[in-house]
Amino acid sequence: MQDSVPLSRKKILIVDDELAIRESLQLILNAHFDVTIAADGAEALELLVAVAPDLVLLDVSMPKLDGMETLRQMRDRGISIPVVMLTATTTVKTAVQAIKWGAIDYLTKPFELEELTHIIASVFDRPVEAEPSLEEGVSARSEKAEPFRPPVPGFVEGSSGVMRDVMQRVSKVAERDTTVLISGESGVGKELIARQIHLLSNRHDGPFVPINCAAIPETLIEAELFGHERGAFTHAVERRIGYCEQANGGTLFLDEIGELSLAVQVKLLRFLQEREFSRVGSSKQISVDVRIVAATNRNLEEAIRQKTFRQDLFYRINVVHIGVPPLRDRFEDIEPMILHLAEKLSHRYQGKSLVFSREALDLLVQYPWPGNVRELENVVESLLALSRGNEIGVSELPRKIKERWDLGGSPSQATPGLSLEDAERQFERDMIERALQKAGGVQSRAAQILGISRRILKYKMDKLGISDASVRGAVLEGASEESSH
């Protein structure tokens, strides 16, 4: 830990190619620190020697020399100054590599000033009482206060009852070192939930190391998890520290754990039991202190029955289970999330703000969102990028969503006097029949229009009593009407 030097004497180097960000941070921090700014990594490397800063705020995406390469060159030169990465689009690969090269943290733009000031305070290890005037700019964390619990960048809890239950469960389990299994469809935000658990835990100052088990070839997964020694196999030209070792003192997030082969599951089970492992090519046992959070979009109990997932591993990771519901099952969250995302992403488009018509919002809420939160964010960003003005009506929505409007007319149409259940049934039947007519009776095309699988479409047709014969009749009737006009 650095010695207790007054905050005003500490030096901070801000490295960012965006002039507005450099000047804003400099203005905020200047009152309490000696601040130097650089526009790219090459300039920063020169200033590191001339200025000798105590902390570097380093942008990831820059011309000439980007942040990751700058960080790598710093470490290659033996410069161990604390570095906080600033990035507009954090990816798993970038975050893990930054941590591997010694970054102490990263912030996703746009970030709250409080997030930055708490990180700075933790680096310099200063209590709030030592600098009362920091209320105007930088505030430090008191050693007697509750530990800092920042929100996950981009995380939207939602206000529905089911998500409130999820977050209460997250808060409770975060306080303990219990192993957690998070389940849910692709795109529901399982990694964001895992990050929230980490940041609410006593390990929040340690690393959060995510690994996508489905994205790594089976032949490399063991070396990625546990690392390898030089010469352990072909192309192993140097020792590599694995994810389990990188996560020491923090949280290891095993995403899509259901995709691991049975052979790797055996090795992982041994690690979970003992918290010990050996690098590939070595017999030396290494002990680590890590918390395990796993996630899957598969039904692991079914995988156990099919003998593709070990039952003992399932019991080991499923100590506490958190199920994240799909977006279609918490429709009351959709509208607030759309408005939040539109505001959050506006900085990428010169502060552009979107104003949604009531019809457009209703249609967005009723869309089934098979890609869940990830798909919702993509749609909102495409509206920001492609819409000519600020007003978003039905005509500005993506084709896959507009087609549902064309199928069902106004989303709120229903026969007066019907119960809610009957009105939903009527609306669903009308939508399916119109989709089948539009698709010429081809069920796979109709399912695509509706944003559901063909199997689900067939299930709904049987449930609602929609027969193939009635669809063919409606298609022929529609075709004859068109030819008569």
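In what order do the 5 strands of the open sheet that contains β7 stand? The order is β7-β8-β11-β6-β12, and the pairing is parallel. Strands β7 (208-212) and β12 (320-323) stand at the edges. Each has a single partner strand, so one side of each is left without a neighbour in the sheet. On average, neighbouring strands here are turned by 20 degrees against each other, direction ignored. The model behind this description is predicted.

A pair of aromatic rings is described by the distance of the centres and the angle of the planes. The structure has 6 aromatic pairs, counting rings whose centres lie within 6.5 Å. For Phe208 and Phe253, the ring centres are 6.0 Å apart and the planes stand at 25 degrees, so the pair is stacked. Phe208 lies in strand β7 and Phe253 in strand β8, so the pair ties together parts that are 45 residues apart in sequence.

There is another open sheet. It has 5 strands in the order β2-β1-β3-β4-β5, again with parallel pairing. Here β2 (34-38) and β5 (105-108) stand at the edges. Each of them has a single partner strand, so one side of each lacks a neighbour in the sheet. The twist from one strand to the next averages 20 degrees. The bridge partner of Thr87 in β5 is Thr108. Helix α2, residues 41-51, packs on this sheet. It touches β1 (11-15), β2 and β3 (55-59). The direction of α2 makes about 150 degrees with that of β2.

Now turn to helices that pack on each other. Two packed helices are described by the angle between their axes and the distance between the axes.

Take α6 (residues 161-174) and α7 (residues 190-199). Their axes come within 8 Å and cross at roughly 40 degrees. The two helices are therefore oblique to each other. Their crossing is right-handed. On the α6 side, the contact is made by Val166, Met167, Val170, Val173 and Ala174. On the α7 side stand Ile193, Gln196 and Ile197. By class, 7 of these residues are nonpolar, 1 is polar and none is charged.

Next come α8 (residues 218-226) and α10 (residues 262-274). The axes come within 10 Å and cross at roughly 15 degrees. That angle makes α8 roughly parallel to α10. The crossing is right-handed. Helix α8 brings Ile221, Glu222, Leu225 and Phe226 to the contact, and α10 brings Val264, Lys267 and Phe271. Of these residues, 5 are nonpolar, none is polar and 2 are charged.

The last pair is α13 (residues 334-345) with α15 (residues 372-386). Their axes come within 9 Å and cross at roughly 50 degrees. Helices α13 and α15 are therefore oblique to each other. This crossing is right-handed. From α13, the contact takes in Ile334, Met337, Ile338, Leu341, Ala342, Lys344 and Leu345. From α15 it takes in Val373, Leu376, Glu377, Val380, Glu381 and Leu384. They divide into 10 nonpolar, no polar and 3 charged residues.

Notes
Residues numbered from 1 in each chain as written. Predicted model: local features only at pLDDT ≥ 70, side-chain atom pairs only at ≥ 80, totals over all residues. Heavy atoms only, no water. Pairing = 2+ DSSP bridges. Helix = DSSP H or I, 4+ residues; strand = E, 2+ residues; numbered from the N terminus. Axes fitted to C-alpha atoms, helices over the stretch in contact; angles between N-to-C directions. Parallel < 35°, antiparallel > 145°, perpendicular 65-115°, else oblique. Left-handed = near helix turned anticlockwise from the far one by under 90°. Contact = heavy atoms within 4.5 Å. Nonpolar A, V, L, I, M, F, W, Y, C, P; charged D, E, K, R; others polar. Phe/Tyr/Trp six-rings, centres within 6.5 Å; stacked < 30°, edge-to-face > 60°.
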